[in-house]
Amino acid sequence: MSSLLRGVNLYLIGMMGVGKTTVGRLLAKELSYGFVDTDNVIAQATGKSINELFAQVGETGFRQLESDVLAQVCAFTKLTIATGGGIVLRRENWGYLHHGLIVWLDAPVELIYSRLVEDTTRPLLQDADLKGRLRSLLEERTPLYSQADLQITLQEGETPEDIAKRIFEAIPSVLKTQVSH
């Protein structure tokens, strides 16, 4: 697989709660790649939680930090990168994402809801109608997420290991093998 990928980064996109970080770590280990979570990098670089950043600089300021981190990360190779759910909202980010292989972890609203219903750490989910908020975010982002190279639709009861295995098995279908002369 590494020879097929030739060091190309894997970018995991999708809604919050779909498991980008967990699955990303498993893929990185399997590929002998490094692992980066853009939200963690932002939190470490600023010394603030994502919630604190949203409160202090707003979503627009946060999205700029996210773009800055993505710009720096895409300069490296052999990385699996878990991105924030809204990274697809800025056109400039697609220029960075297209340097690698983009994998969309797609999940139905009900599955995401069941994972996030108890989570109070996500600024975009401070809403009385959590399921409605998730549905509207997903509707807004689906046309963007669907530009990914690979779409993996999550099933109820699937483990992160199952999902990583499905991604691993699907990668060759979207990569061109190098022709030897």
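This text walks through a predicted model of one chain, from its overall make-up to single residues. Local features here need a pLDDT of at least 70, side-chain atom pairs count only at pLDDT 80 or more, and totals for chains, interfaces and linings use all residues. Residues are numbered from 1 along each chain as its sequence is written, and side-chain values use heavy atoms, with hydrogens and water left out.

Start with the whole chain. It has eight helices and five strands. Both are DSSP runs numbered from the N terminus: helices are H or I with at least four residues, strands are E with at least two. From the N terminus on, the order is α-β-α-β-α-α-β-α-β-α-α-β-α. The chain has 181 residues, and buried ones make up 44% of them. Buried means under 20% relative accessible area, exposed means over 50%, and partly exposed lies in between (1.4 Å probe, protein chains only).

Contacts come next. A contact means heavy atoms within 4.5 Å. Take the contacts between residues at least 6 apart in sequence: 74% of them join residues at least 24 apart.

Now look inside. In soluble globular proteins, nonpolar side chains tend to be buried together. The largest nonpolar core in this chain has 55 residues. Such a core is a set of buried Ala, Val, Leu, Ile, Met, Phe, Trp, Tyr and Cys residues joined through side-chain atoms within 4.5 Å. Helix α4 (residues 50–73) gives this core its largest share, seven residues. The residues with the most contacts inside the core are I13, L105, I152 and I167.

Follow I13 first. Leaving out residues up to four places away in sequence, I13 touches K20, T83, I87, V88, W94, L97, I102, V103, W104, L105, Y145 and A148.

One of those partners, I102, is worth a stop. I102 sits in strand β4 (residues 101–106). Its relative accessibility is 0%, so I102 counts as buried. Beyond four places in sequence, I102 touches Y11, I13, W94, L97, A148, D149 and L150. N9 is 93 residues away from I102 along the chain, yet their C-alpha atoms are separated by 8.5 Å.

Helix α4 contains E66. E66 counts as buried because its relative accessibility is 0%.

Two packed helices are described by the angle between their axes and the distance between the axes. Axes are lines fitted to C-alpha atoms, for helices over the stretch in contact, and angles run from 0 to 180 degrees between N-to-C directions. Helix α3 (residues 38–46) packs against α4 at about 115°, with the axes 11 Å apart. The crossing is right-handed. A crossing is right-handed if the near helix is turned clockwise from the far one by less than a right angle, and left-handed if anticlockwise.

The axes of α6 (residues 109–116) and α7 (residues 130–145) come within 10 Å and cross at roughly 130°. That makes α6 oblique to α7. Angles under 35 degrees count as roughly parallel, over 145 as roughly antiparallel, 65 to 115 as roughly perpendicular, and the rest as oblique. This crossing, too, is right-handed. V109, E110, I112, Y113 and L116 of α6 meet L130, K131, L134, R135 and L138 of α7. The residues of this contact are seven nonpolar, no polar and three charged.

Finish in the loops. Most residues other than glycine have a negative phi. R6 has a positive phi of about 50° although it is not a glycine. R6 lies in the loop between α1 (2–5) and β1 (10–13). At 48% relative accessibility, R6 is partly exposed. K78 also has a positive phi, of about 55°, and is not a glycine. K78 is partly exposed, with a relative accessible area of 48%.

Notes: Ala, Val, Leu, Ile, Met, Phe, Trp, Tyr, Cys and Pro count as nonpolar, Asp, Glu, Lys and Arg as charged, and the others, Gly among them, as polar.
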